[in-house]
Amino acid sequence: MKVFLKMVRLQFKMLLRNRALMISSLGLAVVSMLIFGFLFSNDTNQPLAVGLTDLDKSPASAQVTAALEKNQAIKVTTGDQAALVNDLKQGQYSAVVVLEPGFGSGLATANAHVQLYVDNTDIVGAARSRGTIGAIFDEVSKQSAGFKDVITVDEQQVTVRQQRQIDVLTPGMLGMTIMFANMFVGVALIGWRERGTLKRLSATPLKAWQLIGAQIVSQLALSLVQAALILVIAATVFNVQVETGWLPALGVLVLVGAFSIVSLGYVIGNFVEKQQAAQSTATLISLPMMFLGGSYFVVDPPTFLKPVVEILPLTHLNRALRQVMLNDAGLSSVLPDLGIMAAFGAVLLALSLRTFKWSR
Amino acid sequence: MLQVQAPVEPHTQYTAIEIRNLHCTYPGKKAVDGVSFAVLKGEIFGILGPNGAGKSTTLEIIEGLRTPDARPDTTVSVDGLDVKDRRQRDELHHRIGLQLQTSALFEELSVRENLEMLASLYRRSKPVEGLLKEFNLEDKAKSRIGTLSGGQQQRVALAAALLNDPQIVFLDEPTTALDPQARRNVWDSIRALQQAGKTVILTTHYMEEAEALCDRVAIMDTGRIVALGTPAQLIRQYASEQTITANFASPVYRNIPANELANLPAVTRTVPTANGYILHTTNLAEAMNGLLHTAEQYGAAVAEISTHSPTLEDVFINLTGKMLRD
């Protein structure tokens, strides 16, 4: 056991020192999330959909309403406050503006109040609303009071549970990270075999299962760390909802998913002779798997591709991760996916252990 | 070619390793073709031969890294363990230390991390810090293996071979690709192993290394042992002729009739050169005497004179008809 733990620790150290692996696994996911999260989630050419309620009904508020309606950057729909906020929560508006009673008289006393409801899960939309609507009210202040700030905007944040592109993307990026972090385990193995490291180890009392077991455990540990990083980035930068209640299920999925991919990586490590060839093989498998497995978008494959898609462990990992993160599913409802990944991993690992070679 | 059946000493408490009728066939090639020898405890035993002679294969079988051809008459016994029995290899690996031709450690880990990793595998191990000090690696303890020079890597490999304080140490070409200074340092380390009472088996294709280090040498060629003995024995047996090279000060020496030198006692052959002769002889002193006497008779002043004693290199050329490093 002491030997095993020592090996796990050192293998983990080697993984962390492998910069190429860190960049290819974590980096691709983070860059993808940045691109999809920031560039494509909000179409900034479209005017902002804004709901408006005038509770003041004064000439001044009518004037402001007209100013808002005239502005090209926003598309105003007027209506009842409760109905509009409800629609905001359904994702129909980026913001709802409420002109408080006493708005018109307040302009003279610098005590005019406006409520601005924004979606706090949509940072870009919320920022645009804040900026655009704030600028309009500044203009009104300027005209009515001459550069004095007479309007107070009270911001109300609501949480919208609509599925944005980033919400659907995040579980897929999680799955992709797990795949890239584990797919290349065989490349390292072949390197050690080529340099004679494995032969040297075979001249010690070390057993093959101790070496492979330690490598698998360190890979699983790395996968958990990377998954945690992806979730933290998703939650803090992109406001993706991550419930603490999901974490056990996500943890199990990450571990089983990583196990299935690492076993695939070992098969490559045992059946390919040269490190360079293994690198290409792993890349050739992982790139199609990344798309077919539905990392970037959920795929609906043509019939002839269905069996291929259904056997890929990444398909099941992504599917199960989306079930948990988008539909609040528990582990029991993703048992088929878990079972397929575990079986895939077990079969390939058994094959790898049987064909394991210390030297060429 | 002449196949020398090396005498195998009876298995005694003095024998560290005993090999009989070892064969190893690769697809399409017989790498080891009936090798037998024994290594005594405390001895430095060299296996000498050109690349592809079967040295490393032989060594790897003895180390339990490779399985020999299954034959009932084959014996591979190391420290009393039957290496052919896979179940005894675990025990074997606790007891032996070895160094392979390749650098063979984790390049991503430092010197200390590698040594600590290997140390943790043995039921008993020497303190890593002590070995780092012994092999002058303290400055390099935190360096990754990949950043070390060839000589430094070789010192790490040697330190790694001694982690479990083995009584039998295997070194596969320990000085290949090292500069002369690094080579001498490794030689000193190997001699220190012998002084500590360990048995050392090494392969080399450097003759001077075998002569400088080994108590006994087995010369291998194309999978067989073609000669076995102490370096002195082998030279006496397979390369007894010495040579004298004499250069004269002036052309006066041409007055000496050629056959007068060839007929000198103990001289077997003369070869003319630009300024004199090379004399082949079985007795250096007698031939030298005769040469100087004859030169004086004819008034030919000798400008310089040198002698060459045969080495294992000559033994090898005489035995196999080829150069070692071919």
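B:D165 counts as partly exposed, at 31% relative accessibility (buried is under 20% relative accessible area, exposed over 50%, partly exposed in between, with a 1.4 Å probe and protein chains only). B:D165 forms a salt bridge with B:K198, and the closest N and O atoms are 2.9 Å apart. The term salt bridge stands for a side-chain nitrogen of Lys or Arg within 4 Å of a carboxyl oxygen of Asp or Glu. B:D165 sits in the loop between α5 and β7 of chain B, and B:K198 in the loop between α6 and β8 (199–204), so the pair ties together parts 33 residues apart in sequence. Helices (H or I, at least four residues) and strands (E, at least two) are DSSP runs, numbered from the N terminus. B:K198 is buried, at 6% relative accessibility.

This is a predicted model, in which local features need pLDDT of at least 70, side-chain atom pairs count only at pLDDT 80 or more, and totals for chains, interfaces and linings use all residues. Residues are numbered from 1 along each chain as its sequence is written, chains are lettered from A and ligands numbered from 1 in the order in which they are written, and side-chain values use heavy atoms, with hydrogens and water left out.

Stay with charge pairs. Over all chains, the rule gives 24 salt bridges. In chain A, A:D337 and A:R319 meet at 3.9 Å, N to O. A:D337 lies in helix α15 (residues 335–355) and A:R319 in helix α14 (residues 313–327), so this pair joins parts 18 residues apart in sequence. A:D337 is buried at 9%; A:R319 is partly exposed at 34%. In chain B, B:K55 forms a salt bridge with B:E173, with 3.6 Å between the closest N and O atoms. B:K55 is in helix α1 (residues 55–62), while B:E173 is in the loop between β7 (168–172) and α6 (180–195), 118 residues apart. Both ends are buried: B:K55 at 4%, B:E173 at 6%. B:D79, B:E91, B:R95 and B:R123 are linked in a network of salt bridges.

Now the interface between the chains. Here 27 residues of chain B are in contact with 21 residues of chain A, where contact means heavy atoms within 4.5 Å. The two chains bury about 2,400 Å² between them, 61% of it on carbon and sulfur atoms. Buried area is the accessible area (1.4 Å probe) that two parts lose on being put together, summed over both. Between chain B and chain A there are 6 salt bridges. One of them pairs A:K207 with B:D90, at 3.4 Å between the closest N and O atoms. On the side of chain B that touches chain A, α2 (89–95), α3 (111–121) and α5 (150–161) each give two or more residues. Helix α3(B) gives the most, with 6 residues.

Chain A is divided into domain 1 (2–40 + 164–355) and domain 2 (48–158), with bounds from an automatic or database domain assignment. Their C-alpha centres lie 48 Å apart. Between them, 5 residues of domain 1 are in contact with 5 residues of domain 2. The two domains bury about 360 Å², 55% of it on carbon and sulfur atoms. A:F38, A:R164 and A:N239 lose the most area on the domain 1 side, together 86% of what that side buries.

End at A:I151, in strand β5 (residues 151–158) of chain A. A:I151 is buried, at 8%. Leaving aside neighbours within four places in sequence, A:I151 is in contact with A:F103, A:L107, A:A112, A:V114, A:F137, A:V140 and A:S141.
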